[in-house]
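Me: I should like to go through this model with you, one topic at a time. Please keep the answers plain.

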Amino acid sequence: MDISLESPVADVQLTPTSALAATIDVSERRKPAGEMPYTVYRIDMSYDARVRHVWKRYRQFFALHEQLTAKFKASAARLDMPPKHWLDPLAPPVVSERLVKFDKYVKDCLATPGIQDSDELFAFLEIPRHTELALDPVYSEL
């Protein structure tokens, strides 16, 4: 189940001169009727003076990590995925830790050859597949 409060930008064209930068520093607790509460994390992406936001749950990050690990074994092994917390995944210290680690995780994905332009990452970030990502030089040293 993908959670997105804003619809994806249609026909976005990133060129090699338009770097994609991503930041995760906002979380939100949700409790839909009849469901258990959960936390979503907002991924803020900017490029060519455009800003997009997508919201993702832990299990969506985990599914992405499993896909990347299956396809890019050695490269994905270097990505630091936050561990599962079985007792209280909604506890403020857990959410704070995940914010920091998810921020680094996405930036590392964008800086890792192969992963940075993978179908899996594009789908996760809800970026149209015909879009070309350009690396933000700050994160290109992984």
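Me: What does the accessible surface of the chain come to?
Reply: The accessible surface is about 7,700 Å², and carbon and sulfur atoms account for 56% of it. Such areas come from the Shrake-Rupley method with a 1.4 Å probe, and for residues only the protein chains shown count as cover.

Me: Before going on, what should I know about the source and the numbering?
Reply: This is a predicted model, in which local features need pLDDT of at least 70 and side-chain atom pairs count only at pLDDT 80 or more, while totals for chains, interfaces and linings use all residues. Residues are numbered from 1 along each chain as its sequence is written, and side-chain values use heavy atoms, with hydrogens and water left out.

Me: What pLDDT does the chain average?
Reply: The chain averages a pLDDT (the predictor's confidence in each residue, from 0 to 100) of 82, and 76% of the residues score at least 70. Over residues 1-17 the pLDDT is below 50, and this stretch has 43 contacts in the model (heavy atoms within 4.5 Å) beyond near neighbours in sequence. Residues 136-142 also have a pLDDT below 50, with 12 contacts beyond near neighbours in sequence. Where pLDDT is low, the predicted coordinates should not be read in detail.

Me: How many helices and strands are there?
Reply: There are 4 helices and 3 strands, and along the sequence they follow the pattern β-β-β-α-α-α-α. The elements are DSSP runs numbered from the N terminus: helices are H or I of at least four residues, strands are E of at least two.

Me: And how many contacts join residues at least 24 apart?
Reply: Among contacts between residues at least 6 apart in sequence, 60% join residues at least 24 apart.

Me: What share of the chain is buried?
Reply: Buried residues make up 44% of the 142 residues. Buried means under 20% relative accessible area, exposed over 50%, and partly exposed in between, with a 1.4 Å probe and protein chains only.

Me: Salt bridges next. How many does the search find?
Reply: The search of the whole structure finds 7. A salt bridge is a side-chain nitrogen of Lys or Arg within 4 Å of a carboxyl oxygen of Asp or Glu.

Me: Which parts of the chain does the Glu 126 and Lys 56 pair link?
Reply: Their side chains meet in a salt bridge at 2.9 Å, N to O. The pair links distant parts of the chain, with Glu 126 in the segment after helix H4 (119-125) and Lys 56 in strand S3 (residues 50-57), 70 residues apart. Glu 126 is buried at 14% relative accessibility, and Lys 56 is buried at 0%.

Me: Where do Lys 104 and Asp 108 lie?
Reply: Both lie in helix H3 (residues 92-111), 4 residues apart, about one turn of the helix. Lys 104 is partly exposed, with a relative accessible area of 44%, whereas Asp 108 is buried at 11%.

Me: What about Arg 42 and Asp 44: buried or partly exposed?
Reply: Arg 42 is partly exposed at 22% relative accessibility, while Asp 44 is buried at 15%. Their side chains meet in a salt bridge at 2.6 Å, N to O.

Me: Now the rings. How many aromatic pairs are there?
Reply: The count comes to 5 aromatic pairs. Rings of Phe, Tyr and Trp (its six-membered ring) pair if their centres lie within 6.5 Å; planes under 30 degrees apart count as stacked, over 60 as edge-to-face and the rest as tilted. Tyr 58 and Phe 62 form a stacked pair, 6.2 Å centre to centre with 20° between the planes. These two residues are 4 residues apart in helix H1 (residues 58-71), about one helical turn. Tyr 58 is buried at 10% relative accessibility, and Phe 62 is partly exposed at 25%.

Me: Why is the pair of Phe 61 and Phe 124 edge-to-face?
Reply: The planes of the two rings lie at 65°, with the centres 4.9 Å apart, so the pair is edge-to-face. This pair links distant parts of the chain, Phe 61 in helix H1 and Phe 124 in helix H4, 63 residues apart. Phe 61 is buried at 0% relative accessibility, and Phe 124 is buried at 7%.

Me: Which residues form the aromatic cluster?
Reply: Tyr 41, Tyr 58, Phe 61, Phe 62, Phe 102 and Phe 124 form one cluster.

Me: Which ring does the charged end of Lys 56 sit over?
Reply: The charged end of Lys 56 sits over the ring of Phe 124, 5.1 Å from its centre. The rule asks for NZ of Lys or CZ of Arg within 6 Å of the ring centre and within 35 degrees of the ring normal. Arg 57 lies over the face of Tyr 38, at 3.6 Å from the ring centre.
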